[in-house]
Amino acid sequence: RPFLLAGAFVTAASFLMVFAPPAMSQTALFAYMLAALVLHSTGYSLFNVPYMAMPSEMCDSFQERTRLISYRTVFVSIGQLLALAGTAGLISAGGGGDLGYQIMGLVMAVIIFGAMFSSFRGTAGARAVPPNDGDGEPVTWSQTLQLFRNRPFAMLVGAKIFQFLAFASVATTGLLFMLNVLGVGYTGQSHLSVSLNITLALVMPLCVKLGATIGKRKTYLIGVFFFCLGSLSWLFADETITIAGIWARGIVSGIGSGALILMSISMLGDTMAYDRRLTGIHREGLMSSVIAVVEKTAFAVGLAIVGVLLKWVGYVPTVGGELVEQPQSAIWGLYAGFAVIPALMFLMNGFFLYLYDLDEKKFQAAGRAETG
């Protein structure tokens with residue numbers, strides 16, 4: 001919990017640094033922004049690693065953990081919707097220039113700190129598992145590699161790699177696809193984000209119920225199916241698309257995203273509790289750190305891969321904010337980056353989850369550490 005508080009201070013302060021830099025030369029500004037972004041990433045990690053590790057201790061059962069994570073998923077969706085509209089509104093209210101961004105940075109920094117501090121304050125009475133002898137020993141590479149003897153955790157790591165490769169491809173090509181292929185620009189991107197996040201929040205009760213009745217793995221695989229369906233549906237979209245067509249695709253993708261995001265985080269907590277039962281050692285923080293590194297690395301690699309793809313297909317970058325006519329090869333490249341690559345990545349993601357075999361029966365059988 002103390003790391004949640006430290007992360008709140010560092011993340012909020014560094015966010016304001018990014019959007020309110022002092023007047024300085026370009027060289028100094030580059031160094032300043034690099035430091036601010038590194039500090040921001042550090043602050044977020046300070047918060048996120050314990051935040052993702054704590055559910056494994058706070059909850060006793062598989063289903064209780066899923067219900068807890070469902071609230072987190074809903075509020076993330078609400079936060080994304082508010083940020084989508086709120087940041088633009090704050091910048092506009094400040095005149096749209098430097099002052100607008102400074103006002104937005106200050107307001108959002110206060111909101112960030114408030115949300116993170118609430119997590120710290122609200123978990124004051126949360127259930128925690130007492131540490132065992134040796135839990136505080138320095139972590140070695142050998143100990144880190146031993147985590148992968150936990151088969152469910154290893155499968156989850158494999159799935160995470162392809163999950164974030166898919167997310168990176170969507171993030172890189174989304175707006176470019178809306179601008180250059182569909183011709184709907186920022187408006188289309190906004191409608192897609194709103195429809196996806198609203199659907200994601202609304203399907204949470206159903207996802208929780210499915211997880212309890214058919215199991216988390218099957219529920220996750222259903223999410224993969226809907227996500228792939230939503231991704232591939234963009235292959236049939238062109239400049240004649242309507243707002244209704246964008247919403248329909250956002251709803252399908254929202255159903256898939258809701259199921260797979262909820263279940264993946266819930267299953268991470270399960271693998272942590274399972275590891276604790278198997279070994280008698282508290283490695284939740286280490287496991288959460290490994291997942292965080294895998295997610296960030298996979299996302300960065302995905303961005304680089306898509307960047308190389310766009311260059312290879314001859315995509316012409318926007319200059320001065322004016323769109324340029326793209327060659328047909330670049331259009332097909334955008335279709336590949338926004339529709340085909342994410343679907344292929346999630347098919348591989350689903351393969352790893354198909355091999356994931358941790359259920360309540362297996363969890364209960366691994367009670368050596370806690371039951372003696």
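The model is predicted, so local features need pLDDT of at least 70 and side-chain atom pairs count only at pLDDT 80 or more, while totals for chains, interfaces and linings use all residues. Residues are numbered from 1 along each chain as its sequence is written, and side-chain values use heavy atoms, with hydrogens and water left out.

Reader: Why is the pair of Phe9 and Phe113 called tilted?
Author: Planes under 30 degrees apart count as stacked, over 60 as edge-to-face, and the rest as tilted. The ring centres of Phe9 and Phe113 are 4.9 Å apart and the planes stand at 55°, so the pair is tilted.

Reader: What makes this pair a tie between parts apart in sequence?
Author: Phe9 belongs to helix H1 (residues 2-19) and Phe113 to helix H5 (residues 98-122), so the pair ties together parts 104 residues apart in sequence. Helices here are DSSP runs (H or I, at least four residues), numbered from the N terminus.

Reader: Why does Phe9 count as partly exposed?
Author: Buried means under 20% relative accessible area, exposed over 50%, and partly exposed in between (1.4 Å probe, protein chains only). Phe9 has 49% relative accessibility, so Phe9 counts as partly exposed. Phe113, at 25%, also counts as partly exposed.

Reader: What makes the pair of Phe351 and Phe352 edge-to-face?
Author: The angle between the planes of Phe351 and Phe352 is 80°, with 5.9 Å centre to centre, and the pair is edge-to-face.

Reader: How do you know that the span of H5 agrees with its number of residues?
Author: The expected span of a helix is 1.5 Å times one less than its number of residues. For the 25 residues of H5 this should be 36 Å, and the end C-alpha atoms are 36 Å apart, so the two agree.

Reader: Which helices do the buried residues of H5 pack against?
Author: They pack against H1, helix H2 (26-53) and helix H4 (62-93). Among the buried residues of H5 are Gly100, Met104 and Phe120.

Reader: Why is Ser264 called buried, and what is it in contact with?
Author: Ser264, in helix H11 (residues 243-279), has 2% relative accessibility, so Ser264 counts as buried. Leaving aside neighbours within four places in sequence, Ser264 is in contact (heavy atoms within 4.5 Å) with Leu156, Lys160, Gln163 and Tyr220.

Terms used: Phe/Tyr/Trp six-rings, centres within 6.5 Å; stacked < 30°, edge-to-face > 60°. Helix = DSSP H or I, 4+ residues; strand = E, 2+ residues; numbered from the N terminus.
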